[in-house]
Amino acid sequence: MKKIFKKLILLGISASFLFGSLANADEAYEIRDIQEIEVSGENHIYLADKKEIADALAGAVAAIENNGRLLMVDSDNLTEEEQIKIQNADELSLIGGRLRLSEELEHNENFKERISGVDRYETAVKIANYLGNDRDIIVVNGDNYVDAITTSPLGIMENRNIILVNENFVPKATRSYLLEYCQGKDIIFVGGEKSLPLEIREEVFRLTGNYGSVEDNTIAGEDRYSTCLKLAKRIGYENIILSYGEDYSSALNAMNYINDLKASVLLVNQDNIDEIVNGYYGDDKFGDIYSLGVQMTSNSELDLSDSEFPEELDSESIEEVEVAGSTETEITVQNFINSAIAMEGWAYSQSLRMSDGYADCSSLVLKALINSGLTGDHSNLTSETIWSDSRFYQISYDNLQPGDICYTYGHLAIYLGDNTVFEAKDWGIPAGYGNFQGRFNSFFRING
């Protein structure tokens with residue numbers, strides 16, 4: 001236990017993952033940085049916007065099955081490296097509409113096609129049409145896709161199309177596709193009850209003429225990590241790729257490597273690396289282990305005994321470290337919440353959003369962030385820019401805590417716990433407390 005704890009301390013201080021001996025092995029295993037590996041597909045780039053993860057889930061299947069490569073970008077801020085990759089490709093396919101991937105990209109000489117619909121649900125259907133409608137399908141939640149973030153490999157390995165639903169209804173485009181092309185098809189649902197309620201899964205079965213147990217056709221764990229583990233075990237490759245579970249674009253980028261490396265993707269965080277890897281391999285012999293989306297400090301074996309931390313670290317010392325950290329965090333979070341609540345009663349206005357006494361949904365969050373001292377960055381924030389704003393990172397519903405930011409289309413609110421949010425809701429409604437239940441589909445946490 002001491003060994004594991006010291007490893008976590010190292011991780012926290014270095015802000016990067018260090019890998020050493022896994023718990024069920026007597027020897028250390030080399031973990032290679034996957035970005036050192038050359039893979040196929042650079043000649044045909046399938047471009048998707050990293051702010052529209054749902055497009056990339058289905059788009060990854062199209063990319064890999066057509067010997068291409070998925071490239072996820074912030075289309076408003078392409079890096080020089082990304083521009084070079086796009087220009088050097090023989091063919092360029094765009095996944096998603098012009099609001100995400102601008103029309104200017106179609107002017108590239110290598111532009112081949114754009115696969116898109118009026119929304120993410122229709123785009124998934126268009127991708128299914130592109131791949132062929134004779135395939136079985138995977139159904140995931142198009143708004144709360146945390147559980148399904150590593151679904152693409154299953155679609156690739158089992159020749160399945162990924163189709164999207166909402167947790168409250170089956171969208172029109174999806175419904176039409178199910179009725180026309182999916183009668184009697186084998187259907188797999190990926191995601192737990194919170195993202196795919198039983199009544200939605202049963203409705204999909206009714207629409208496709210399926211009988212039998214919906215639960216038997218559902219892959220779901222307690223969180224994104226255990227769901228991913230189940231998906232990886234079903235695929236069954238000997239090799240694995242480790243990706244940081246809260247970095248969705250890196251997890252999807254891992255899809256580019258699964259065929260060349262014959263590897264399954266496993267999501268991990270700082271605390272569960274050993275648990276997840278051992279959960280995949282059990283007592284079997286290890287395969288090759290690769291890392292993507294995490295900063296490696298060494299590609300060699302890690303000898304913790306040579307660390308600068310004392311060998312003897314008893315449980316009392318551990319408890320003091322943990323309590324001290326959590327207390328400081330709690331104070332910071334409470335300051336942020338208090339700064340928001342101080343704006344109770346302020347009038348809703350978009351034109352005067354940054355003036356005293358006024359706020360809209362996103363400026364309320366921004367002002368609380370600034371007033372609590374959590375940021376000196378006064379740059380703009382909206383419900384759409386939060387996806388690429390470095391001051392926040394996305395989390396799952398399962399990890400939601402007071403002080404986190406709740407998102408639904410065109411709206412942000414601050415989660416307070418106990419089914420309550422604080423928000424600037426709409427015209428004529430002063431800033432104040434609101435109901436949380438069933439209103440939000442994505443969630444963010446403040447960095448730091």
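Residues are called buried at under 20% relative accessible area, exposed at over 50%, and partly exposed in between, as computed with a 1.4 Å probe on protein chains only. The structure is a predicted model, in which local features need pLDDT of at least 70 and side-chain atom pairs count only at pLDDT 80 or more, while totals for chains, interfaces and linings use all residues. Residues are numbered from 1 along each chain as its sequence is written, and side-chain values use heavy atoms, with hydrogens and water left out.

**View 1. Asn-399 in the loop between β15 and β16.** Asn-399 is partly exposed, with a relative accessible area of 29%. Apart from its neighbours within four places in sequence, Asn-399 is in contact (heavy atoms within 4.5 Å) with Arg-224, Glu-246, Asp-404 and Arg-445. The C-alpha atoms of Asn-399 and Phe-443 are separated by 9.1 Å, although the two residues are 44 apart along the chain.

**View 2. The open sheet of six strands with antiparallel pairing.** Strands (E, at least two residues) and helices (H or I, at least four residues) are DSSP runs, numbered from the N terminus. Two strands pair if DSSP finds at least two bridges between them. The strand order is β15-β20-β16-β17-β18-β19. Strands β15 (392–395) and β19 (432–435) form the edges, each pairing on one side only. With direction ignored, neighbouring strands are turned by 40 degrees against each other on average. Strand β20 (residues 442–446) runs antiparallel to β15 and is joined to β15 by four bridges; Phe-443 in β20 is the bridge partner of Ile-395. Helix α13 (residues 361–371) lies across β15, β16 (405–408), β17 (411–417), β18 (420–423) and β20, and runs at about 55 degrees to β17. Such angles run from 0 to 180 degrees between N-to-C directions, with axes taken as lines fitted to C-alpha atoms, for helices over the stretch in contact.

**View 3. The contact of helix α2 with helix α4.** Two packed helices are described by the angle between their axes and the distance between the axes. The axes of α2 (residues 53–65) and α4 (residues 120–131) come within 9 Å and cross at roughly 10 degrees. Helix α2 is therefore roughly parallel to α4, a term for angles under 35 degrees. From α2, the residues Ala-54, Asp-55, Ala-58, Gly-59, Val-61, Ala-62 and Glu-65 meet Arg-120, Thr-123, Ile-127, Tyr-130 and Leu-131 of α4. Seven residues of this contact are nonpolar, two are polar and three are charged. In this division, Ala, Val, Leu, Ile, Met, Phe, Trp, Tyr, Cys and Pro count as nonpolar, Asp, Glu, Lys and Arg as charged, and the others, Gly among them, as polar.

**View 4. Strand β3 and the loop that lies between α2 and β3.** Asn-67 lies in this loop and has a positive phi of about 55 degrees although it is not a glycine. Asn-67 is exposed, with a relative accessible area of 61%. In β3 (residues 69–73), by contrast, five of the five residues are buried. In a regular strand the side chains alternate between the two faces of the sheet. Both faces of β3 are covered, with Arg-69, Leu-71 and Val-73 on one side and Leu-70 and Met-72 on the other. Strand β2 (residues 44–49) pairs with β3 in the parallel sense over five bridges, and Ala-48 has Met-72 of β3 as its bridge partner.

**View 5. The open sheet of four strands with parallel pairing.** The order of the strands is β1-β12-β10-β11. At the edges are β1 (31–33) and β11 (263–268), each of which pairs on one side only. From one strand to the next, the twist averages 30 degrees. Strands β10 (residues 239–244) and β12 (residues 289–292) run parallel and are joined by four bridges; Leu-242 stands opposite Ser-291 in β12.

**View 6. Helix α7 and its cover.** The buried residues of α7 (residues 198–207) are Ile-200, Arg-201, Glu-203, Val-204, Phe-205 and Leu-207. Their cover includes β6 (136–141), β7 (160–165), α6 (172–181), β8 (187–190) and β9 (218–219). Gly-209, with a positive phi near 70 degrees, follows α7.

Technical notes. Parallel < 35°, antiparallel > 145°, perpendicular 65-115°, else oblique.
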